[in-house]
Amino acid sequence: MAASLPVVGSQGLPEAAMNSLRDGVALVSGAGEVTWANAAWLAHGERPTADAILGARVGTNLLDGQLAASTSGARAIAHAVKAVVERQIAHCELEYLPPGDDRRFVVSALPLAAAEAGAVITIHESTARTEEYQRTAPAARVAIPQAAESLTPREAEILTLLARGMDNRSIAEELKISYSTVRGHVRSLIDKFGARSRLEAVALAYRGGLVAAR
Amino acid sequence: MTRSPLGIANGDVEVPSHICLMYVGDDELMRALVSFVRPALDQAGEGVVLFGAPGVASMFLERLESSAAGRDVTAALGAGRIALTETARDVGQQVENILEAAEGLARKGLRPIRMFGRVEWDVPGFALPEDFLWCESVLNRVISRVPAILVCVYDVTRLPATALLLGGIETHPFVVVNGTLSTNPHFVPPERFLSERLLQLPWLRR
């Protein structure tokens, strides 16, 4: 068995996969240099507008203001990416609207999971579903204190186990109850938080201090 | 812990294992499917689980029947060595569907169970993205219950980068790209993935 993934630049991401991706993907080193970019990213760089991050090319230093036509949008993106590279924040995602273009793009940056400093930046066109999701989700939520008060002791117990990342079967075994009972409690929890998913319910519980980070 | 040939790429894998396969195009997907399942069709003691969004498992089975190079897929199905299951919008149920299918074959004494599932992302009827990522991560723990080789296949030309980076790369200890099996230095174990990745997703932080 090979010891590691094919190497891209100084990082260990699968180059063939990234080159095939329709989204723009670039790697930024800890020093802020774009060390590698796939074809879709370079296609963004060849767009008529020199604005913002879409004008970045391999070798451009995103983080020190050397973008060709730096705008406030470009600076915001560069600062956010810098914060990710320096691990001041865990992730960033910004919507970008190129001048004279009907499309919307989402630029996101994730730190590399490995010990090596750096980040992966992606660009993709935002979809109608994403916009709808973002627009409607907050309105559907129930206030966290209200949700907390409505939880039964068993639901609170299950919420704690969900926040530990446990699956329904493991929760059932831990509490010595049936799988279907757990499933019913999880559905009830999601409803009480007005959440769309089990993860959103857990995220709201964390935010409201109902469960603690482990 | 036993080892078994992966079939798709050179080398053996531990049983259980959770592997991401990144493919480009239908031809590569079907080559991977046939290569992965063929050992189970040749060995009466092995089992197969095919899964995906509704209709995907049946499509996999039809493709196997037409391209399994003389192996009798229908006989294996009739003997109860092949199980089909579906993913679900309720991701807890989705994990259970996958696990139940594998446990059913394991109870018959089949070893290993070759599980092959196609990943979808943000499509109607499928788990929401954050729940799908949770599912991929938690499968690393769940899979330890069964003697299975679980291969999740990602279409790099259709799935967004978020799915590929977070789901494909960070939730699988092993990755197959271009037919090469590799250990994955970017794997984030489930106990860290929840707090360091899922709860940091921007749409969950608003």
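Trainee: By class, what residues make up the lining of the largest cavity?

Mentor: This is a predicted model. In it, the lining of the largest cavity has 8 nonpolar, 3 polar and 2 charged residues.

Trainee: How much space lies in that largest cavity?

Mentor: The largest cavity holds about 100 Å³ of space. Of the 13 residues lining the cavity, F51(B), Q94(B), V119(B), F132(B) and E136(B) are the closest to its centre.

Trainee: Which elements give two or more residues to the lining of the largest cavity?

Mentor: They are α4 (91-107), β6 (113-118) and α5 (129-142), of chain B. The largest share, 4 residues, comes from α5(B).

Trainee: And how many cavities of 30 Å³ or more are there?

Mentor: The count comes to 8.

Trainee: Let us stay with α5(B). At what angle do α9(A) and α5(B) pack?

Mentor: The angle between α9(A) and α5(B) is about 95 degrees, and their axes are 7 Å apart. An angle of 65 to 115 degrees counts as roughly perpendicular, and α9(A) and α5(B) are therefore roughly perpendicular to each other.

Trainee: Which residues meet there, between α9(A) and α5(B)?

Mentor: From α9(A), R198(A), L199(A) and E200(A) meet E130(B), D131(B) and W134(B) in α5(B). By class, that contact has 2 nonpolar, no polar and 4 charged residues.

Trainee: Now to chain A. How do α8 and α9 of chain A pack, in angle and in distance between axes?

Mentor: Helix α8 (residues 179-193) and helix α9 (residues 198-207) of chain A pack at an angle of about 60 degrees, with axes 9 Å apart. That makes α8(A) oblique to α9(A).

Trainee: Is the crossing of α8(A) and α9(A) left-handed or right-handed?

Mentor: The crossing is left-handed.

Trainee: What are the residues in contact between α8(A) and α9(A)?

Mentor: V186(A), I190(A) and F193(A) of α8(A) meet R198(A), A201(A), L204(A) and A205(A) of α9(A). By class, this contact has 6 nonpolar, no polar and 1 charged residues.

Trainee: A last topic: what lines the second largest pocket?

Mentor: Its lining includes V186(A), I190(A) and R198(A), together with D131(B) and others from both chains. The largest share, 3 residues, comes from α8(A). By class, the lining has 5 nonpolar, 1 polar and 6 charged residues.

Trainee: How much space lies in that second largest pocket?

Mentor: About 190 Å³ of space lies in the second largest pocket.

Methods. Residues are numbered from 1 along each chain as its sequence is written. Chains are lettered from A and ligands numbered from 1 in the order in which they are written. This is a predicted model: local features need pLDDT of at least 70, side-chain atom pairs count only at pLDDT 80 or more; totals for chains, interfaces and linings use all residues. Side-chain values use heavy atoms; hydrogens and water are left out. Axes are lines fitted to C-alpha atoms, for helices over the stretch in contact, and angles run from 0 to 180 degrees between N-to-C directions. Angles under 35 degrees count as roughly parallel, over 145 as roughly antiparallel, 65 to 115 as roughly perpendicular and the rest as oblique. A crossing is left-handed if the near helix is turned anticlockwise from the far one by less than a right angle, and right-handed if clockwise. Contact means heavy atoms within 4.5 Å. Ala, Val, Leu, Ile, Met, Phe, Trp, Tyr, Cys and Pro count as nonpolar, Asp, Glu, Lys and Arg as charged, and the others, Gly among them, as polar. On a 1 Å grid over the protein atoms alone, a cavity is a set of points where a 1.4 Å probe fits but cannot get out, and a pocket is an open set with protein on both sides within 12 Å along at least five of seven lines; lining residues have an atom within 4 Å of a point. Grid points are joined across faces, edges and corners, and a volume is the space filled by probe spheres set on the points.
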